[in-house]
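Reader: I am new to this kind of model. Can you show me how to read its features?

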Amino acid sequence: MGENMSKRLKLLGADADMEERSFPNPYPDWDQGALTPNAGADVDTSETSDEAGKVSLEFQRRVQNKIKDLLQQMEEGLKTADPHDFSTYTGWTGIALLYLQLYRVSSEASYLQRALDYVKRTLRILNGRKVTFLCGDAGPLAVGAVVHHKLNNKADSKECLSKLLQLQRSVLSPDSEMPDELLFGRAGYLYALLYINKEMGADTVDESIIVQIVTAIVESGKNLSAEQKKSDRCPLLYEWHKKQYIGAAHGMAGIYYMLMQPGAKVHQDILSELVRPSIDYVRHKRFRSGNFPSSLSNESDRLVHWCHGAPGVIHMLLMSYKVFKEEKYLKEAAECAEVIWQRGLLRKGYGICHGTSGNGYAFLSLYKVTQEKKYLYRASKFAEWCLEYGSHGCRIPDRPYSLFEGMAGTIYYLTEMANPELSCFPAFEL
């Protein structure tokens, strides 16, 4: 077979794979005229956006009705959920976090009470096996501390915080086999500490503790980089299960993103000399499409998820733009957004980790940085897709009502439509 023919077949295969993983985007893209009724688009887009480029009140009403409907379905479905799953990712802490968000956007005290009910359930079943926000004890303890703090239960809040800080021993232990990534590693514990300081006051967790965690993450990255003889090209290298992942959940994008958080107080020299060149190394692994591979050794342009691909990496690029003030990062974030617009309505479902809601957050984050109405429009179109929850023939996740795989995550995303300026990807953005 000729080389050209074989290339063409490969491309056709890639197209078929994209088709299989996502639905064709049925929405016209935003342009200057599309925010007003009947501006030449095939579909009247006025119902999601008004002339000022804000999410229209009519659309917000539709969203609110859907949230009520989905909440009811979720509560019913949770009656058969795993009683022992306390995690933020698929268990009860994720549901508590959703109710905390509902309280944040509505100020309804009943939502805070629901958050407390779920937090109490989680705190009874912690097992000490993992220490991260998403998949370990740190999540329930951090959310518990925050919920009790908001309810003015000082003693209970203090107890949760004290237990959370005790976990640092295993995170810092030199003989610990702990990875550095977000789901199961040190970056996931770091997030829990930064979350506490954001929600309860800047010095709630002492800076010296945060510095120790950051130092452990940096040293670990330097060690692997030296081992792999990549110190000059990628000074901070990370792997999980022997693979050098790139994405937000298990990979370098998620770790670098946490190290660049202002609350992590990483020294400017470390950011400039270690973090920035490592980010640039990852940037050069980008596919021509604008998407990113799941790991450094992977060459297939398949996944467009928050956990693997452009929807997670975009957050790293936006944070790089804020920290290093270089246009190239913003430009590449915008290119990620094009991939997500084309290929982000996922057959896997409507969830946050590997679904349409998580992909929608990419547009919200870009909107917050650029104030470009195009991104708010795109975020609202992904929300509109979620209003037809269950009607597209997507796969049903293993934990269908959970925060990161299922319905709770979609509800969380829909709540952001009321005030997109304040949107915040749960358990990730700060």
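Author: Start with the word cavity. A cavity is a set of grid points where a 1.4 Å probe fits but cannot get out. Keep in mind that this model is predicted.

Reader: How many cavities of 30 Å³ or more does the structure hold?

Author: The structure holds 3 of them.

Reader: Which residues are closest to the centre of the largest cavity?

Author: Lining residues have an atom within 4 Å of a cavity point. Here 10 residues line the largest cavity, and Arg-21, Ser-22, Arg-302, His-305 and Leu-346 are the closest to its centre. By class, the lining has 5 charged, 3 nonpolar and 2 polar residues.

Reader: What lines the second largest cavity?

Author: Its lining is made of Phe-292, Pro-293, Ser-294, Asn-298, Ser-300, Arg-302, Leu-303 and His-308. That gives 4 polar, 3 nonpolar and 1 charged by class.

Reader: Now helices. At what angle do the axes of helix 13 and helix 14 cross?

Author: Angles run from 0 to 180 degrees between N-to-C directions. Helix 13 covers residues 327-343 and helix 14 covers residues 356-370. Their axes cross at roughly 145 degrees and come within 10 Å. The crossing is left-handed.

Reader: Which residues make the contact?

Author: Helix 13 brings Leu-330, Ala-333, Ala-334, Ala-337, Ile-340 and Trp-341. Helix 14 brings Asn-359, Ala-362, Phe-363, Leu-366, Val-369 and Thr-370.

Conventions: Residues are numbered from 1 along each chain as its sequence is written. This is a predicted model: local features need pLDDT of at least 70, side-chain atom pairs count only at pLDDT 80 or more; totals for chains, interfaces and linings use all residues. Side-chain values use heavy atoms; hydrogens and water are left out. Helices (H or I, at least four residues) and strands (E, at least two) are DSSP runs, numbered from the N terminus. A crossing is left-handed if the near helix is turned anticlockwise from the far one by less than a right angle, and right-handed if clockwise. Contact means heavy atoms within 4.5 Å. On a 1 Å grid over the protein atoms alone, a cavity is a set of points where a 1.4 Å probe fits but cannot get out, and a pocket is an open set with protein on both sides within 12 Å along at least five of seven lines; lining residues have an atom within 4 Å of a point. Grid points are joined across faces, edges and corners, and a volume is the space filled by probe spheres set on the points. Ala, Val, Leu, Ile, Met, Phe, Trp, Tyr, Cys and Pro count as nonpolar, Asp, Glu, Lys and Arg as charged, and the others, Gly among them, as polar.
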